[in-house]
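The structure is shown first.

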Amino acid sequence: MAVTFDPNPLSLENIGLFAADPDFYPDEGPKEECGVFGVFAPNEEVARIAFFGIFALQHRGQESAGIAVSNGHSINVHKDMGLVTQVFNEKVIESLTGISAIGHTRYSTTGSSIKCNAQPLSEGEIAVAHNGNLVNTKQLREELIAEGVKFETTNDSEVIAKLLFKYHRGCIEETVKAVMERIEGAYSLVILTPHELVGVRDPYGVRPLCLGKVNGSYYCLASETCAFTPIGARFLREVEPGEIVVIDRDGQREFQAIPVKKHAMCLFEFIYFARPDAKIYGKTLHQARRRMGHELALEHPCYGADVVIPVPDTSVPAAIGYAEASRIPFGEGIIKNRYIQRTFIQPSQRMRDLGARMKYSPLQETLEGRKVVVVDDSIVRGTTTGKLVKVLFDAGAREIHVRITSPPVKNPCYYGIDMANQDELVAAKHSIEEIRQQIGATTLGYLSLGGVVKAIGMHKDNFCRACFDGKYPIPIPDDVRVSKLMLERRRDVVDPRHKEGGPDDGSPDAD
Ligand code: SF4
C-alpha cells in the first residue's frame, strides 16, 4: 500500500496548528467532529467524486483532509493538513485512479491537530475513515501494544484500523462485526478494501451516515445528505444504528451486526453541526432550526425590539423563525468573514487583541440606536459571545437581547464534539443571570430541551442530549473524562486549543 504526501506549496505540516487555533480565529460554535464519504463506482473517476463529497462536508472539519482509493488490488492514500482545496489539486486527483474511494475531513477530538492524525488511516490492505469518538480507546490500545502492535498516531481511529487489520481473515462482514464487538463509543465508519466499500454505524447511532446512489447504479455513503447533491447522487436511506452495509461489484447488501442499544443521535447535529440543507431522521435541518426560532420566540419573547439578527451562518434559519413568530423584522447586523480560517498568515498581537472583530463586522445601519435581538446556536465558554455583544454595542446598538437555540451546555461531549472540559463550560458554573452579566447582554434566554425536540418533532429519547442534561447514553470510563489528549506522547504536539490561556469561546467543534 502506498501512502503519499504531496509536496503541496500550501502544505500545512508546520503551520496547521496555527491554522486551527481559535485564539487567533475565534469560532462561533462547537467544533464538529469529522465528515466521511465513500463511493464504489468502477467506471467513474472515484477520487474526483470523493473530492466533491468531502468538499461538501468541509463544515464538519477543517484541519485535515484525505482520500484513499482502491484500484482493485491495492489502496493509495493522499492526505495532509488543511482544507480540502488545499490538500488536493488536479494533478493529485488525476493520479488517484481506481474503482472505489473513501474520504475524510477532520477536526480533532482525540489526538492533536498534526499531520500523522489525518485520515483515512490504512493498515495492510484496508483503510478506514472515522467520525465520532471511542470511549474505550485506552484499554484497546494497551491491549494491542501488549500484543506487539505499534502505533503511529495519537488518535482513537488508529485503534479501529489496527483492530480491522487484526481481525481481517477474508470475510469483511465478519471482520467488521468482530471489531464492532470490541469498540465502544460513537462511530460512523467508511472502510475500504481492494474489493469492497463498507459503511458502519455504532449501535446508538450517535453520528449520522447516509446511503445514496450515483448515476442510478453505483452506491455512495456520506455523513450528511448534502454531500450527495454536488455529485448528482440520490439519497436512499440512513444507515441504521448497529448496521453494516457492504458494497462491491455484486451490488449492495446489509445486515444488523449488533443489536440497537438505544437511539441516541447527537442533538447538536440538529442545532448546529449538520448543514441546513441536510436531512436527518427524514427532517430537513433548515426547517427544524426555523421552528427552534419559533419556539425560542414563544419561550423568550422580546417585546418592542426593532430587529432580529443572526450570528452568521448557522443561526440564520433560527433567526428567521424568531422573526416570523415574534413579527419583529429580520435583518443582517453582523457580516462574517467566511474566509478567515483560510489564511495562514499570522495576525499581529494588536490584531489578535481585536478578538471577534477578526471574524465579525457589525453593520452600523442595522444596529445604531436600536433594540436588537441576536440569535445564536450555543454558548460554550462565553468569551466569544461577550466579545460579540461588545462589538454590537460599540456599533451603536441601544439594547442587545441574546437568544440561544439550545439549552445551557453544562457537560462535555465524549462522543466526537469538542466543547471543552466541564470547568471551562460557563453554564456548568454560573446561573443564566451570571452568564448574562458576564457577556454584557441586556437580557439572555436559552431554548429549553422540550422546545428543541418539539421543533424537531420527535421525542427526546431519540437523541443524545448529554451535554445539556448529563445523561450519557454510552457509559464514560473515568480515564476518558480526564482529557482527549490522554494519548499524547510528546509535549510539543499539544493541541493549541488546550494550551494555557485556553481557546476562545466558540460553539462545539467535532471528530
Ligand atoms: S453530548 Fe451533546 S454534542 Fe455530544 S453527542 Fe451528545 S448531544 Fe451531541
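The model is predicted. Helix H13 is largely enclosed by the rest of the structure, because nine of its twelve residues are buried. The buried residues of H13 are Thr-383, Thr-384, Thr-385, Gly-386, Lys-387, Leu-388, Val-389, Val-391 and Leu-392. Their cover includes strand S20 (360-362), helix H12 (364-367), strand S21 (371-376), strand S22 (399-404) and helix H15 (432-439). H13 itself spans residues 383-394 and reaches 17 Å from its first C-alpha to its last, close to the 16 Å expected at 1.5 Å a residue. Just after H13, Gly-396 has a positive phi of about 110°.

**Overall make-up**

The protein contains 18 helices and 26 strands. It has 511 residues, of which 56% count as buried. Among contacts with a separation of 6 or more, 75% are between residues 24 or more positions apart. Leu-298 belongs to helix H9 (residues 285-299). Leu-298 counts as partly exposed because it has 14 C-beta neighbours inside 10 Å, where the limit for a buried residue is 20 or more.

**The six-stranded sheet**

In what order do the six strands of the open sheet lie? The order is S6-S7-S8-S9-S13-S14, with antiparallel pairing. Strand S6 (121-123) and strand S14 (251-256) are at the edges and have a single partner strand each, so one side of each is left without a neighbour in the sheet. On average, neighbouring strands of this sheet are turned by 20° against each other, direction ignored.

Within the sheet, strand S7 (residues 126-134) and strand S8 (residues 185-192) run antiparallel and are joined by eight bridges. In this pairing Ala-129 stands opposite Val-190 of S8. Helix H6 (residues 157-167) packs on the sheet and touches S6, S7 and S8; the direction of H6 makes about 135° with that of S7. Helix H7 (residues 172-180) lies across S8, strand S9 (197-201), strand S13 (243-248) and S14, and runs at about 150° to S13.

**Strand S10 and its partners**

Strand S10 (residues 210-214) is mostly covered, with four of its five residues buried. S10 pairs in the antiparallel sense with strand S11 (residues 218-222) over five bridges. S10 is also joined to strand S12 (residues 233-238) by five bridges, again antiparallel. Cys-210 has a bridge partner in each of these strands: Ala-222 in S11 and Glu-238 in S12. The hairpin of S10 and S11 has three residues between the strands, and one of its features is the positive phi of Asn-215.

**Backbone exceptions**

Most residues other than glycine have a negative phi, and most peptide bonds are trans. The table lists sites that depart from this.

| Site | Feature | Value |
|---|---|---|
| Gln-119 to Pro-120 | cis peptide bond | omega near 5° |
| Pro-312 to Asp-313 | cis peptide bond | omega near 0° |
| Asn-215 | positive phi, not a glycine | phi about 55° |
| Arg-327 | positive phi, not a glycine | phi near 60° |

Where do these residues sit? Pro-120 is in the loop between strand S5 (100-106) and S6. Asp-313 is in the loop between strand S18 (307-310) and helix H10 (316-326). Asn-215 is in the loop between S10 and S11, and Arg-327 is in the loop between H10 and strand S19 (334-336).

Asn-215 is partly exposed, because 13 other C-beta atoms lie within 10 Å. Arg-327 is exposed, because 8 other C-beta atoms lie within 10 Å; the limit for an exposed residue is 12 or fewer.

Terms used
Residues are numbered from 1 along each chain as its sequence is written. This is a predicted model: local features need pLDDT of at least 70, side-chain atom pairs count only at pLDDT 80 or more; totals for chains, interfaces and linings use all residues. Two strands pair if DSSP finds at least two bridges between them. Helices (H or I, at least four residues) and strands (E, at least two) are DSSP runs, numbered from the N terminus. Axes are lines fitted to C-alpha atoms, for helices over the stretch in contact, and angles run from 0 to 180 degrees between N-to-C directions. Two residues are in contact if their C-beta atoms, placed from the backbone, lie within 7 Å. The expected span of a helix is 1.5 Å times one less than its number of residues.
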